[in-house]
Amino acid sequence: MTRENAQRTVLGDVEIIRVVEWRGPFAPARELVPTAGADTWKSNEDWLAPDHWDPEGDLAVMALQTWVLRSAGRTILVDTGVGNGRERPGSPQFHHWQGDFLGLLERAGVRPEDVDVVVNTHLHADHVGWNTRPADGSDGSGGTDGSDGSDGSGGSGREWVPTFPHAQYLVPAVDDAHFGPDNAYGGGLHQDDRLVYEDSVAPLHRAGRTLLWDGVHRIDEHLTLESAPGHTPGSAVLRLASGGERAVFVGDLLHSPVQILDPAHNSCFCLDAAAASVSRRRILERAADERELVVPAHFGGSGTAEVRREGSGFRVRR
């Protein structure tokens, strides 16, 4: 099911625009979050369904979306989706994806040349795809030549250039080292990882548009990036604090609300389960204590959650 829309809110002096490219049932619930048993989903059905869980098919409901922030006079994107026409043979749901991402942005009042900063919370395929577009100015749709991406074209036979020509792209340095061609961390990379880097990250470096950061990076007086490793080695969260209002954009630290109930629940996509659990608990503790609105990358429904402590875990207030 596809519902394309944008919704707006304001926290302090920051305007937030949610741009939803797709949402619907995505994957079997207990494959997405393997340690959350059937009783976890069933006992919370009254609020998980239908926005986060399809009980009939036992499927997790998720969204593919980008958050646009207007802060301190600049336009900032948080993650950029899958991108059109990409070679992702190991990810059937993203292989040769076709969407109207740029059209959705334009209808939300954002043109590519208007974007000042792009934040990649991490370097997975569904967070960096629209970092780039074909150099011929097309939307990325069309055929492919079946190559393996070793020519720097990402397997499409195309030359890729930054989609947002005036933007600085903020990329976690640790992820860049992990997924980049030198693979400094020694782990085996999947073919899709190499393809993602070649078509969606390497062209940014060649164009001189990236800023690699680690630890903490302050974007402006309202927005700060912080490392939260585990899902990927360089996974990050973006904190917003303005006029007494607070939010934290957590990327893929959370895929489903059941991970809020017990932060030990990792998604099947977390590369370092132990580190991801530690980061998740730390971020949720702070969100509960400081009344930060939690904004995950893929939640359906309103796309956000208010979190409170409950015993050794947490509950979703709304």
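The largest pocket is lined by 31 residues, and those that lie nearest its centre are Ser91, Phe94, His124, Asp126 and Phe269. A pocket here is, on a 1 Å grid over the protein atoms alone, an open set of points where a 1.4 Å probe fits, with protein on both sides within 12 Å along at least five of seven lines, and lining residues have an atom within 4 Å of a point. This is a predicted model, in which local features need pLDDT of at least 70 and side-chain atom pairs count only at pLDDT 80 or more, while totals for chains, interfaces and linings use all residues. Residues are numbered from 1 along each chain as its sequence is written, and side-chain values use heavy atoms, with hydrogens and water left out.

About 690 Å³ of space lies in this largest pocket, a volume being the space filled by probe spheres set on grid points that are joined across faces, edges and corners. Strand 2, strand 4, helix 5 (125–128), helix 6 (173–179) and helix 7 (191–200) each give two or more residues to its lining; helices (H or I, at least four residues) and strands (E, at least two) are DSSP runs, numbered from the N terminus. By class, the lining has 15 nonpolar, 11 polar and five charged residues, where Ala, Val, Leu, Ile, Met, Phe, Trp, Tyr, Cys and Pro count as nonpolar, Asp, Glu, Lys and Arg as charged, and the others, Gly among them, as polar.

The second largest pocket has a volume of about 160 Å³, and its lining includes Arg8, Leu11, Ile16, Trp67 and Phe249. Strand 1 (5–11), strand 2 and strand 15 (293–296) are the elements that give two or more residues to this lining, with strand 1 giving the most, four residues.

Two of the residues that line the second largest pocket, Ile16 and Phe249, are also among those with the most contacts inside the largest nonpolar core, which has 20 residues. Such a core is a set of buried Ala, Val, Leu, Ile, Met, Phe, Trp, Tyr and Cys residues joined through side-chain atoms within 4.5 Å; buried means under 20% relative accessible area, exposed over 50%, and partly exposed in between (1.4 Å probe, protein chains only). Several strands each supply at least two residues of this core, among them strand 2 (14–28), strand 4 (59–71) and strand 12 (223–227), while strand 13 provides the largest share, three residues. A second, separate core of 17 residues includes Val19, Leu77, Leu105 and Ala108.

Some loop residues also deserve a look. Ser235, in the loop between strand 12 and strand 13, is buried, with a relative accessible area of 6%. Its side chain makes a polar contact (2.8 Å) with the side chain of Thr232, such a contact being a pair of N or O atoms within 3.5 Å, of which, within protein, one must be able to donate a hydrogen and the other to accept it, and residues adjacent in sequence count only if both atoms are side-chain atoms.

Asp58, in the loop between strand 3 and strand 4, has a positive phi of about 50° although it is not a glycine, and at 19% relative accessibility Asp58 counts as buried. Ala72, in the loop between strand 4 and strand 5, likewise has a positive phi of about 50°, but at 39% Ala72 counts as partly exposed.
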